[in-house]
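This briefing concerns strand pairing and surface charge in one protein model. Please consult the sequence and the coordinates alongside the points that follow.

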Amino acid sequence: MAEGRFYITTPIYYPSDVLHIGHAYTTVYCDALARWHRLKGDKVFFLTGSDEHGQKIERAAAAQGKEPKEYVDAIVATFQELWKRLGISYDDFIRTTEPRHKRVVQAIFRQLYEQGDIYSSKYEGWYCTPCEAFWLENRLEDGNCPDCNRPVEWVTEESYFFRMSKYGERLLAHIEANPDFIQPETRRNEMVSFIRQGLEDLCVSRTSFDWGIPVPFDPDHVIYVWIDALSNYLTAIGYLSDEDQFKTWWPADVHVVGKDILRFHTIIWPALLMALGLPLPKRVYGHGWLVLDSGKMSKSKGNVVNPNDLIDEFGADAIRYFLLREVSFGQDAKYSRRALVERINADLANDLGNALYRSLSMLERFCDGVVPQPGAPAPVDLRLQELAADVIGGMDECLQALEVNSALARLWRLVRGVNKYIDDTEPWSLAKDPSAQERLHTVMYHVCEALRIVALLLKAFLPESGSKMWRQLGLTAWEEKGFDDLTWGGIAPGTRTAKEDPLFPRLDPAVVLAEEEIEEDDEEETPQADRPVAEERKDTKVSETEGIITIDEFAKVQLRLAVVETAERVAGADRLLKLQVDLGDEKRQIIAGIAQHYAPEALIGKRVVVVANLKPAKLRGELSEGMLLAAVGNDGKLGVVTVEEEIAPGALVR
Ligand code: MSP
């Protein structure tokens, strides 16, 4: 595989507050692309960081009675912690308060001043502090900032200006000659019409606050925070400090930003780079926003969704999957707890988790848990091989086009393809027929190999789950595996698998969503005047925990309806019956201690309830792969739990 290089950046986040799932989306999205390129053998530089200067931060720190640096240090630590929990594989985390960055920003400012691209003049105009942006009067909407709708402030000061007006024509020509430069296309058109209205020179210094990088030759001024922030993309890769490193990585392959800050990245940033004589980034992608049913997430509305809470509840990979799968290229997407739970259940528990779990269960039962030697492939096997190859190629195309959600949709074609292949080939029927053993081995080999490919492809998206699958499939050297290992046939016959608990336990929407409603009700309780709400709720939880399990704990138990097909006594054990049960997609053997209560033939045809994800055990030398539910009275009387309704085997009981 030819080695390319790939430099990808997230925006650097304002440490004015904790991050929400919108921010997590941008970062997880970049992480998936970075990981994909690493998988392909490319050299990757993945940059993220924090944008720590500006009036907004200065005011937020003052409101807490803190020095700005002390204030941002604490918040930036929470960013880094969140990225760790979400498995973000950045190569560098840049903070704009670092000396390495200050040096670069001051050198850039000085160079542009010396070459006449920055000049001194008087500024009067409207300024939006939350967006750190100046606006012309005619761009305001009802007197407010057109981006965030908040009030703007009139500022008058002696300032430095960047001659942005000089670059409008060159910029238009560049956009026209490089149709990929701004993505998606609809946003490119918006940017083009913005530039066509004529670019004003940009005020690039402020004197009304101190929290910023001083203009090197006029320290009463601090450099405009967007000039400071955008330059991070150069600092981190050695601009003006390590020429070789800089040449390796610049121009960036893609700057990923939210649609709200596309203008800064496709107008101010390219004009600055042109003035510096540097090539422009290859692509700037403005993604859509994650919105709630109640509209935009905002601190003032109090509806911000904290990714840490979701990770605690559902795990990092489930959140990564939801974000990557739910947001279509360039579009806004809705976040709701319901949508999240539905994705987890449908795609992760039912499709992915089930494909692995049922396959390894069958492998244990039919092949002692060892990957068998396949025979010659039948057409259905070749179709599975073709599907895998097709999915790999298709995913790569999607990811070149930055369409991560489509890439995941393709991958799930393969995941579902494995489940369908199992349904079509019916290994449980083959296992009953001694003359079909070679065919059984070929089928089981194909299942394992397709799952190996799925696991490896997941490395870019759900790295933790991918590595768990890899381990369960009995494979090693996960860290080293890449695109070249996706060739069909990588799993060696003889590999001993090691089934574990299902990757993603199924969640009960009725319970998980009801819990949310209860929490909301709690919030509405009037807190006692002398006690903070959080403390009160914590107390309640403590008393509730004794003897009580959480829904997550309950959800780990997989109860399923099974039909008893055969039943017989276990020789030498007068309490045990050996049952063969049909679980819909598979057959199981269960050893049940009910021989003193039921004649074997009385059980045949009964729809019983089994614990389907219980670790298999041997009883009197017989494998038992599950447990029957039964009611036991004080007098020792026993009744097996049965379902009267004609519900198909395999149905979940909850
Ligand atoms: N500091 C600037 C970026 C400077 S880059 C040189 C900034 N920071 S931010 O913290 O306010 O926002 C960072 C990113 O988060 C932006 O790309 C923004 O679009 C994104 N998001 C903020 N809310 C979002 C959603 N609800 N959904 C998706 N992305 C969101 O802007």
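Does aspartate 142 count as buried or exposed? Aspartate 142 has a relative accessibility of 80%, and because exposed means over 50%, this residue counts as exposed. The model is predicted, and the points below are grouped by topic.

**Charged surface**
- Aspartate 142 lies in the loop that links strand E5 (133-135) and strand E6 (153-162).
- Together with Glu141, Asp147 and Asp260, Asp142 forms a negative surface patch.

**Parallel sheet**
- An open sheet is built from six strands, ordered E3-E2-E1-E12-E13-E7, with parallel pairing.
- Strand E3 (92-95) and strand E7 (182-183) are at the edges with a single partner strand each, so one side of each lacks a neighbour in the sheet.
- Strand E2 (residues 43-50) runs parallel to E3, and four bridges join them.
- Threonine 48 has phenylalanine 93, in E3, as its bridge partner.

**Antiparallel pairing around E17**
- Of the 10 residues of strand E17 (residues 573-582), seven are buried, and the strand is mostly covered.
- Seven bridges pair E17 with strand E16 (residues 559-570) in the antiparallel sense; valine 563 is partnered by aspartate 582 in E17.
- The hairpin of E16 and E17 has two residues between the strands, and glycine 572 adopts a positive phi near 80 degrees there.
- Strand E18 (residues 587-592) also pairs with E17 in the antiparallel sense, over six bridges; the bridge partner of leucine 577 is alanine 592 in E18.
- Four residues separate E17 and E18 in their hairpin, where glycine 584 in the turn has a positive phi of about 85 degrees.

Note on methods:
Residues are numbered from 1 along each chain as its sequence is written. This is a predicted model: local features need pLDDT of at least 70, side-chain atom pairs count only at pLDDT 80 or more; totals for chains, interfaces and linings use all residues. Side-chain values use heavy atoms; hydrogens and water are left out. Two strands pair if DSSP finds at least two bridges between them. Patches are made of residues with over 30% relative accessible area and no salt bridge: like charges are joined within 9 Å, nonpolar side chains (Val, Leu, Ile, Met, Phe, Trp, Tyr) within 5 Å. Accessible areas come from the Shrake-Rupley method with a 1.4 Å probe; for residues, only the protein chains shown count as cover. A salt bridge is a side-chain nitrogen of Lys or Arg within 4 Å of a carboxyl oxygen of Asp or Glu. Lys and Arg count as positive and Asp and Glu as negative; His and the chain ends are not counted. The place of a charge is taken as NZ of Lys, CZ of Arg, CG of Asp or CD of Glu. Buried means under 20% relative accessible area, exposed over 50%, partly exposed in between (1.4 Å probe, protein chains only).
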